[in-house]
Amino acid sequence: MSKLLQPAELGLELKADNAIVWHEDDLYLLDQRLLPQRGAFLPLRSLTEVAKAIRDMVVRGAPAIGVTAAYGLVLAARERYAESPIGWFELMQQDFDQLAAARPTAVNLFWAIERIRGLAQGLDGNPEGPLLAEARRIHAEDIAANRRIGDLGADLIRKPTAIITHCNAGALATGGYGTALGVIRSAHAQGKVERVYADETRPWLQGARLTAWELVQDGIPVSLMADGAAAARMREGGIGWVVVGSDRIAANGDVANKIGTYGLAIAARHHGVKFMVAAPTSTIDMGLTNGGMIPIETRASDEVFSCGGQRVASEGAHAWNPVFDVTPAELVDAIVTEKGIVLKPDAGKLARLVQKG
Ligand code: MRU
């Protein structure tokens, strides 16, 4: 593995907003597997290293994977152009394929690949400069989208309340600011967040390791809870909203997100708690008519057998480890995107939303 760098070596402070960095011709990712104990950057110098970093969870979260993929393709284009200034684009086909195979569920990965591919195929001469400019644009657009999502989502929260969130949909999971945590950040700035209850999110513990870290950094009160505690917490009262991100939204409004989200949505409906999905339009896949068509990633059994790197499961047990689930649109009260809010989503409303300029 390449040598990890301290944030100061890149001239940075350790902050969730500085997790994907292009510095002096290379890509650096804040290694999310080490947080919150350690904040260190992994340098990436090739497309193969970027695909591996996505697969191995150095970077995770749908929009962050998309932004990383865009920068990764700049590294690929540099290498391919050096190999063949004439045939570099044809050579890049294998890079597009390698990257697309890294993780299957977050559609932002495929969206970013198509955006870079679309620009690359029309380029003459050295592609590195124009592709880097496009990757930077994708990154900046994601941050701007999250700010807008934050403001729109906060408007839906009418009065001070406690909020439940699941997994990490913060600055770390995006280009910066966050989708679900963007809504929470904006609502907190308006005095409308009494407390955030963050599911710890087994097996990778994104809630405990990442969401809690981000919220503590921002001075937003956060209580961690075991994933199975959410329904009981709703029954206690005082929870106005569940706010989550998404990895892919089908054309009818069905929402794929971290495993456990579906159960949270069922519990929310049962207890009269509103359920909000915050995601950029790059997460909407109009090519899939419903959530049953969303490819759901299954990861290694070892992730369930262990906790914090320590085996906890009985030898001889099997495991089932789908890492996302699909929440049907009928359980979703609002999908909040940078183009606007869709209440009680359905196919017609989503089609009208994505057509907006
Ligand atoms: O497996 P992960 O950590 O990549 O899963 C991430 C999630 O499920 C997030 O909630 C989702 O990507 C929304 S991120 C803004």
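Predicted model: local features only at pLDDT ≥ 70, side-chain atom pairs only at ≥ 80, totals over all residues.
Local features need pLDDT of at least 70 and side-chain atom pairs pLDDT 80 or more, while totals for linings use all residues. Residues are numbered from 1 along each chain, and side-chain values use heavy atoms, without hydrogens and water.

Q: What makes a space in this structure a cavity, and how many are there of 30 Å³ or more?
A: On a 1 Å grid over the protein atoms alone, a cavity is a set of points where a 1.4 Å probe fits but cannot get out. The structure holds two such cavities of 30 Å³ or more.

Q: What does the volume of the largest cavity stand for?
A: A volume is the space filled by probe spheres set on the grid points, which are joined across faces, edges and corners. For the largest cavity that space is about 200 Å³.

Q: What makes a residue part of the lining, and which residues are closest to the centre of the largest cavity?
A: A lining residue has an atom within 4 Å of a point. The largest cavity has 27 of them, and Arg60, Gly61, Ala62, Asn168 and Asp247 are the closest to its centre.

Q: Why is the largest cavity said to lie between domain 1 and domain 2?
A: Domain bounds come from an automatic or database domain assignment. Domain 1 (7–142) and domain 2 (153–354) both give residues to the lining, so the largest cavity lies between them.

Q: Which residues line the second largest cavity?
A: Its lining is Gln32, Arg33, Met57, Arg60, Trp204, Gln206, Arg209 and Leu210. The second largest cavity holds about 60 Å³ of space. Both domains give residues to its lining, so this cavity also lies between them.

Technical notes
1 Å grid on protein atoms, 1.4 Å probe; cavity = no way out; pocket = protein on both sides within 12 Å on 5 of 7 lines; lining within 4 Å.
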